[in-house]
Amino acid sequence: MASTANPVAPAPKIKAGVAPLRAGEGTSFLLRRLHSLTGVVPIGAFLLEHFISNAEAFKGPLAYGKQVEFLNSLPFVFLLELFFIWIPILYHGLYGVYIWYQGDTNVGDYPWTGNWLYASQRWTGIVALVYMVQHTYYLRFTGVHLPTHPMQSFAKVQAEFQNPWMIAFYAVGIIAASWHLSYGLWLFAAKWGITTGERARRRFGYLCLALALGLVSIGAASMYGFLKTPIQPLNSNAGSENIVMR
C-alpha cells in the first residue's frame with residue numbers, strides 16, 4: 001500500500017546580522033535602559049569632567065595639584081563619589097560585562113558598519129573598564145594618599161609614566177573610553193527617541209565622532225603634560241599609612 005509523505009514546509013529564513021538598537025523585554029528592558037542612562041548620567045558627565053580636569057597637567061604640576069585639591073575639598077565629596085561615580089560605574093560595568101557575555105558578533109560573516117560598531121562598543125567597554133580599575137587602584141589605594149597630599153598627584157602619575165608599557169596602556173585606555181562614551185551617546189539618543197530617522201542619526205553621529213576625537217586630543221594633551229615636564233620628586237611615604245577614600 002503506497003503512502004505519500006506530507007511535504008515539509010521550508011524553514012523560515014532568518015535575516016542575517018545583528019538586530020540594531022536591541023532593547024530587551026520586561027526586566028531586561030528596564031535594566032538595559034538603566035544601563036544606557038547611567039552611561040550618560042552620571043558616568044558620561046564624570047568622564048567629561050575628568051578629561052577636563054586632567055588637562056590641567058598641561059599647565060604643570062602646580063595647576064594639576066590645585067585641581068586635585070579643589071575636587072577633594074568639595075562638600076560631601078565621599079557621598080558624591082559613592083552615589084554619582086562608584087555605584088553607577090559598578091552597575092554599568094558589571095551589567096555591561098553581562099551584555100558583552102550574552103551578545104553575539106558576526107563581523108567575520110557580515111562585515112557591515114553596524115556590526116563593526118556593535119563589536120567596537122563591546123570591546124572598548126571592556127578595555128575602558130580594565131583601565132578605570134587599574135587607574136583607580138593605583139592612584140587611590142597605593143602609595144601616596146592623594147586626597148591628603150594633592151600636590152603629590154602630578155609626581156605620582158608621572159612616576160607611573162616612567163614605564164613605557166604604562167604610557168601605551170593609558171593611551172589605549174583613553175582612546176577606548178573616548179570612543180565608548182561617544183558612541184554610547186549616539187546609541188542613547190537613538191534608543192530614547194531623541195534622534196528619529198536616519199538623517200537625524202547620521203548628523204548626530206558626526207557630532208559624536210567629533211566628541212570622540214576631541215576627548216582623545218584632550219587626553220593626549222594631558223599625557224604630554226606629564227611627559228614634557230621634568231621628573232617631580234615623589235614622597236612615597238606621604239600618607240601611605242592612611243589609604244582610604246574620603
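Predicted model: local features only at pLDDT ≥ 70, side-chain atom pairs only at ≥ 80, totals over all residues.
Me: How do I read "buried"? What share of the residues counts as buried?

Reply: Buried means under 20% relative accessible area, exposed means over 50%, and partly exposed is in between (1.4 Å probe, protein chains only). Here, 37% of the 246 residues of the protein chain count as buried.

Me: Could you show me one residue? Is S178 buried or exposed?

Reply: S178, which is found in helix α7 (residues 164-191), is buried, with a relative accessible area of 0%. Leaving aside residues up to four places away in sequence, S178 touches F51, A212, L215 and V216; contact means heavy atoms within 4.5 Å. A polar atom of the S178 side chain also lies 2.7 Å from the backbone oxygen of I174.

Me: Now the charged residues. How many salt bridges does the structure hold?

Reply: Side chains of opposite charge can pair when their charged atoms come close. A salt bridge is a side-chain nitrogen of Lys or Arg within 4 Å of a carboxyl oxygen of Asp or Glu. The structure holds three. In one of them, R140 pairs with E81, and the closest N and O atoms are 3.3 Å apart. R140 lies in helix α5 (residues 113-141) and E81 in helix α4, so this pair ties together parts that are 59 residues apart in sequence. Both R140 and E81 are buried.

Me: Where do E198 and R201 sit?

Reply: They are three residues apart in helix α8 (residues 198-228), which means that about one helical turn separates E198 and R201. Their side chains meet in a salt bridge (4.0 Å, N to O), and E198 counts as exposed at 57% relative accessibility.

Me: And which residues form the nonpolar patch on the surface?

Reply: The patch is formed by F70, L74, F76, F78, L79, L80, F83, F84 and I87. Helix α4 (residues 77-102) gives the largest share, six residues. L74 lies in the loop between α3 (61-72) and α4, and is partly exposed at 31%.

How values were computed. Residues numbered from 1 in each chain as written. Heavy atoms only, no water. Patch = residues over 30% accessible without salt bridge, like charges linked within 9 Å, V, L, I, M, F, W, Y side chains within 5 Å. Areas by Shrake-Rupley, 256 points an atom, 1.4 Å probe, with all protein chains shown as cover. Helix = DSSP H or I, 4+ residues; strand = E, 2+ residues; numbered from the N terminus. Polar contact = N/O pair within 3.5 Å; in protein donor to acceptor, adjacent residues only side chain to side chain.
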